[in-house]
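I opened my notebook and started on a new structure. These are my entries, in the order I made them.

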Amino acid sequence: MATSATVRHGAGHGDAGAHSDHGHEIPFWKKYVFSTDHKVIGIQYGFTALVFLAIGFYLMLVMRWSIARPGEALPEFLAAFLGDRWLNPDGSVTPDLYNMFGAMHGTIMVFLGIVPLAFGAFGNYVTPLQIGAPDMAFPRVNMASYWFYLAGGVLMFSSFFLESGAAQVGWTNYSPLATMAHTEYPSIFWTGQTQWLLAMVFLISSSLLGAVNFITTIINLRARGMTWMRLPFFVWAQLVTAFLLLLAFPPLEVAAIMQLMDRMAGSSFFVPTGTFLKTEMLDVSGGGSPLLYQHLFWFLGHPEVYVLLLPGIGIIAEVVANNTRKPIWGYRAMVYAILVLGFLSFIVWAHHMYLTGMGWFVSAFFQTTTVLISIPSVILLTCLMISLWGGSIRFTVPMLWATAFLPMFGFGGLTGLPLAFNLTDLHLHDTYYVIGHFHYVVAPGSMFALFAGIYYWFPNWTGRQMNAFLGHLHFWPSLVAMNLIFLPMFHQGMAGFHRRWYDGGKFFEGTSERVFLEAGSWMSNLFNGGAAVTLRDLNHVMTFGAFVLAVGQIPFVLNLFGSIMWGRKIKDDNPWQATTLEWCTPTPPPHGNFASEPVVYRDPYEYSVPGAKNDFSPQWLPDEEAIGMAGAAAAAERPSGALA
Amino acid sequence: MAETPEEIRKHIRLYWGVGITLLVFTVVTVVVAKVTPSITIGLLIATFKAGLVALIFMHLNSEKPMIYKIMFFTAIFAAGLVWLFIWSLKDPIVR
Amino acid sequence: MEIPYTVTARSDTGLWNAKIGIWLFLASEVMLFGGLFSSYIFLRLGADYPWPNGELNVPLGFVNTVILILSSVFVVMAWASLKMRQYGSYLKWMTAVVLCALVFLVNKGFEYYAKFEHKTVVLKDRSVLAGHIPRGESAEIRFRAKYATVDFATGNHRFLRFIDNDARFFSEKGEVKMGRAWFQRHRKASQLQARADYLGGEASRLEGEAEAAHGTAAEDLRKHAEALRRESRALAAEVKESYPDLEDFAGSSSMRFELRPEAEISVPRKEVTAWGDNELTFRDATLLEGLLESAVVKLEVDEIDLREYFSRSEHGGAERDAAGAGIFRHLPMGVREAFVHHREAGQAEFEAKRAAWERKNPEKAFPEPAYPAYDKVYLDALHFEGGGSSKEEEKHGVGGGADAGEPGGEHHHPVVTIPYEDIRFFSSYTPKKNTYYAIYFTLTGLHALHVLGGALVLSFFLFFGKSLYRKNPEHLANRVEVGGLFWHFVDLVWIFLFPILYLM
């Protein structure tokens with residue numbers, strides 16, 4: 001970070017006193033561990049989140065093994081992490097272990113993996129750079145946000161090692177089951193179920209601090225000339241995401257506190273009158289309502305889906321614009337769509353609760369809003385699709401992920417429609433269909449977008465490119481494996497496979513052994529030697545896909561760490577020839593980001609401007625430099641969206 | 001919002017006036033509760049008091065548009081939270 | 001590097017950073033308390049029991065309201081003083097704010113303490129008594145244990161917490177050091193044993209298959225079976241060697257110990273699931289055998305509540321006989337008569353009110369209350385002859401029991417002894433009592449945490465504001481404004497909490 005000296009102000013400027021900013025004086029632990037620099041915090045978020053994603057992925061492999069091969073001993077490389085405690089004597093997965101891993105897979109992936117990666121890592125690293133800010137508005141709050149997240153994550157993860165094991169009641173933690181679970185252990189406080197709630201309180205606090213910081217930064221620290229309609233779309237996505245986190249998380253905090261009271265103080269917020277545990281009537285007053293818990297949970301739960309998704313769409317917009325070398329088609333439409341999407345996402349939550357016995361009118365209301373919310377989603381997707389049209393597309397590695405994202409996300413979205421309708425949802429609720437649907441949105445959807453982001457912004461962070469060959473080796477197996485895993489889920493789900501079967505349906509032969517491919521059909525000839533394939537056999541396909549996916553991530557890990565050290569050095573600070581502000585910094589960006597305060601002259605995606613000397617006109621260059629004197633006059637003629 | 005010392009000096013009487021009004025209405029709400037168990041009246045008084053605090057003490061009577069926008073949407077979502085909860089409780093599946 | 005707009009406002013938004021930050025934070029707080037308030041409404045509308053009304057200490061709540069409103073004015077004054085650059089006056093007002101916060105929290109402590117001390121007993125027929133446990137008594141179940149049987153599947157060491165002497169556990173083989181370690185050891189040993197058994201079974205199965213097979217296939221199967229058998233034997237030997245004391249019990253699902261000397265157990269009702277004259281079962285299925293010494297609640301009664309007794313239709317509901325309620329079997333004779341009298345008077349008054357209403361509104365139906373108020377009464381409001389309790393002859397007045405036999409006066413409350421087997425539910429006036437107290441403690445507790453947090457931040461500005469004031473007084477004024485906004489919000493929440501929890 002030698003270049004950073006040029007941008008520092010004199011010491012007299014900062015009135016933080018003790019927190020002087022001289023690069024050479026900052027000790028290592030302050031610079032990289034307890035750092036207040038948004039980029040370092042972003043990287044911290046990123047690596048922590050990747051570790052948690054790997055853990056969540058491992059849990060999934062164990063579960064998928066149990067589904068495909070119930071009652072068979074876990075292979076040694078999976079069982080190595082598990083004590084005898086949770087395995088059957090024959091080495092197979094116990095139902096308790098499956099429940100535990102199911103609950104924690106969801107929790108870890110959503111709250112510890114994707115949100116921190118999408119919002120914490122990319123949001124922290126990229127947002128201030130893209131709006132031309134020297135840092136976040138509250139750098140120390142930013143640091144607190146990361147440490148709260150880490151504390152919550154460590155707490156959540158360490159609950160695996162308690163006597164009770166981790167939480168087992170699903171990532172939704174529904175009461176009253178969650179209230180009663182683990183109450184037979186010596187100390188109710190030191191059980192996975194209680195620690196889950198505590199960890200959630202930490203994670204929620206972290207998200208709230210982050211959200212406040214992001215919104216303030218975007219509102220108040222935009223560079224000169226960076227008007228609202230000149231914001232890169234990624235920043236809009238982060239802004240809406242931050243609002244979702246800010247306003248949707250508190251009700252979940254309420255739910256967590258109330259469930260904590262139920263467990264620790266004996267209250268009955270979520271325990272109805274006359275609840276029995278096994279044969280004993282519970283020693284509680286009753287009078288509570290499990291429905292209340294579901295309301296509070298899903299008031300967060302649904303906006304949370306968009307928290308997972310919107311940063312991804314933001315990344316894709318950046319990558320698509322950059323690699324098609326043309327402006328995003330319908331930028332304004334996308335901005336309004338994402339705002340409407342954010343608004344509507346607050347009033348659709350009860351479509352997760354059609355089976356709870358709500359009345360017709362309420363169900364009809366939520367059904368209507370849920371169908372409405374597909375409109376802005378389709379606008380976003382369509383705009384990105386049309387942006388491809390007529391572009392001279394460069395199939396760089398990030399662009400591969402982006403182009404795969406579009407249909408995969410489309411799959412996820414379209415298969416959501418039957419779940420929006422009350423009548424069809426009654427049939428599909430809690431089946432593998434639901435699993436397939438939201439995994440298409442989150443796994444090949446959000447995750448692909450995040451991979452695109454990693455490949456896209458890696459040069460900015462390190463000054464080196466990631467290896468393209470390893471990138472291809474990462475992408476193609478991932479794309480194929482994702483579909484191998486999730487596509488058969490729709491078939492199983494429509495046939496009634498329940499999402500919580502730890503044995504993959506072995507016990508329910510009547511349902512699960514129905515024939516999927518007739519014996520002797522060309523498909524069964526091709527794949528199964530002519531024998532009939534039952535629905536339950538699809539489990540083997542999916543589990544095979546899961547292991548392929550696992551192997552497919554090895555090139556990524558090699559690429560990520562290898563490229564930090566040995567990647568091809570970029571010759572220019574703007575290797576992708578992009579237009580947004582993060583590429584006008586020195587590489588890597590120093591503390592304080594910009595060599596001089598940037599000024600924004602144009603819209604974010606001015607690619608292939610007619611008459612310009614390059615096919616990209618960066619936001620930070622005045623017309624004379626970016627377009628050339630001849631083009632400047634032409635550019636002045638153009639109607640611009642810069643006036644908002 | 002008052003920013004200069006002169007303006008603030010003028011506002012101090014207002015702040016004390018609001019404080020006294022709040023105290024008076026606290027007495028009123030206790031007395032009303034003794035006379036009638038009406039929830040509506042109690043909530044109306046509370047809303048009036050809360051409005052005074054928000055408008056005068058928290059200067060919401062003269063804030064910047066950005067703050068209004070944020071709080072407007074927050075109010076909508078909070079109202080939705082309360083209203084939809086109650087609606088779902090009051091709309092039974094069988095009627 | 002310096003973050004712009006920390007003190008001065010940005011020209012186009014007109015705001016400095018912390019101002020936006022605090023309003024965003026308040027927005028999330030609105031959602032937090034919005035969630036709590038809608039939970040309150042949800043629980044209240046869905047309550048299947050009489051929602052408590054006027055059970056809290058209104059004078060104390062009123063005082064706290066006044067304190068918070070005053071502190072809100074003070075914090076504005078502190079900010080105004082800073083804006084006018086009067087640091088001395090700022091210190092004065094800010095000190096007042098912090099003191100107000102402390103007084104508020106102390107009051108809250110008193111209020112909570114009173115509720116923790118207050119108990120309620122719901123009998124099987126849902127007649128309710130409320131009162132205090134006389135000094136020196138406890139509501140715990142007391143038991144003298146001679147044998148303990150622990151269940152291996154669910155059992156754990158929690159029951160040891162309630163044994164008040166140094167009980168020693170003896171199996172047939174000798175003394176066992178009972179505790180967490182013992183349970184862990186045993187669990188480990190049974191896992192190993194189960195694995196050994198499984199491998200042995202697999203080996204036998206393979207040998208059976210080898211019998212049926214021929215040639216090299218049979219040979220392979222035999223080899224494989226032999227390997228499994230070896231592993232199984234090794235595991236079994238390990239169990240035998242490492243856990244010699246547990247050998248005899250492997251395979252059985254529970255284990256019985258003798259306690260020497262006999263153990264005195266004193267345990268709260270919630271810890272046990274069942275008890276009899278000679279048995280006591282804990283939540284984890286640990287069974288104690290011995291002698292039940294006492295399973296009663298002694299209560300100095302100050303309130304009778306028959307509202308649920310009359311409202312539950314499954315037992316005849318409103319058709320029930322007031323005098324037949326279970327509580328009167330425990331109370332002095334006079335109370336029953338006084339209550340029946342009180343109820344009849346209340347009903348007559350109610351009927352008169354109904355008649356007047358129906359005369360005035362002939363076409364409208366009279367709004368029938370679900371739980372008539374006259375079914376609940378404070379003993380102080382009843383006039384009865386305290387002729388001694390029907391079952392127990394003990395009398396403990398608050399003053400020390402000297403006033404036994406006097407007519408029901410201000411400080412005279414009968415003491416009753418109710419066996420747990422008659423009790424449906426026993427609780428303090430804590431979150432356990434019902435959803436009202438649950439939401440009351442949650443709401444006021446979270447609010448008190450906000451008060452505490454606000455007080456800490458404001459005290460920080462009070463004690464450490466000087467250096468910042470010297471450097472940049474506007475910056476301190478901004479910080480106080482931000483802290484003040486939070487403080488007003490806390491006040492605003494209380495303005496709603498006071499009526500909905502204390503008054504309505």
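The notes below cover one chain's overall form, one contact between chains, and one residue.

**Entry 1: the model.** I noted at the start that this is a predicted model.

**Entry 2: chain C as a whole.** I began with secondary structure. Chain C has ten helices and 13 strands. Is it spread out or a compact globule? I looked up the radius of gyration and found 34 Å. The globule rule gives 23 Å for 504 residues, so chain C, being well over that, is more spread out than a compact globule. Next I took the box along the principal axes. The C-alpha atoms of chain C fill roughly 100 × 85 × 55 Å. I also checked burial, and 54% of the 504 residues of chain C count as buried. Then I turned to contacts in chain C with a separation of 6 or more. Residues 24 or more positions apart account for 76% of them.

Entry 3: An interface's size is often given as the accessible area that is lost when the parts come together. Chains A and C bury about 4,900 Å² between them, with 63% of that on carbon and sulfur atoms. Which three residues supply more of chain A's buried area than any other three? I found A:P186, A:N220 and A:D283, which supply 14% of the area that chain A buries against chain C. The contact takes 61 residues from chain A and 55 from chain C.

Entry 4: I counted three salt bridges between chain A and chain C. One of them joins A:E163 and C:R180, with the closest N and O atoms 3.9 Å apart. Which elements give two or more residues to chain A's side? They are α7 (192–220), α8 (233–264) and α9 (290–324) of chain A. The largest share, ten residues, comes from α8(A). I sorted the residues on chain A's side and got 30 nonpolar, 19 polar and twelve charged.

**Entry 5: one residue, A:N322.** I found A:N322 in helix α9 of chain A. Is A:N322 buried or exposed? Its relative accessibility is 0%, so A:N322 counts as buried. I then looked at its side chain. A polar contact of 3.1 Å joins it to the side chain of A:Y607. Leaving aside neighbours within four places in sequence, I listed the contacts of A:N322. They are A:R394, A:Y456, A:W576, A:Q577, A:A578 and A:Y607.

Technical notes:
Residues numbered from 1 in each chain as written. Chains lettered and ligands numbered in written order. Predicted model: local features only at pLDDT ≥ 70, side-chain atom pairs only at ≥ 80, totals over all residues. Heavy atoms only, no water. Contact = heavy atoms within 4.5 Å. Buried area = accessible area lost by both parts, 1.4 Å probe. Salt bridge = Lys/Arg side-chain N within 4 Å of Asp/Glu carboxyl O. Helix = DSSP H or I, 4+ residues; strand = E, 2+ residues; numbered from the N terminus. Nonpolar A, V, L, I, M, F, W, Y, C, P; charged D, E, K, R; others polar. Buried < 20%, exposed > 50% of the residue type's maximum accessible area, 1.4 Å probe, protein only. Polar contact = N/O pair within 3.5 Å; in protein donor to acceptor, adjacent residues only side chain to side chain. Rg over C-alpha atoms; globule rule 2.2 N^0.38 Å.
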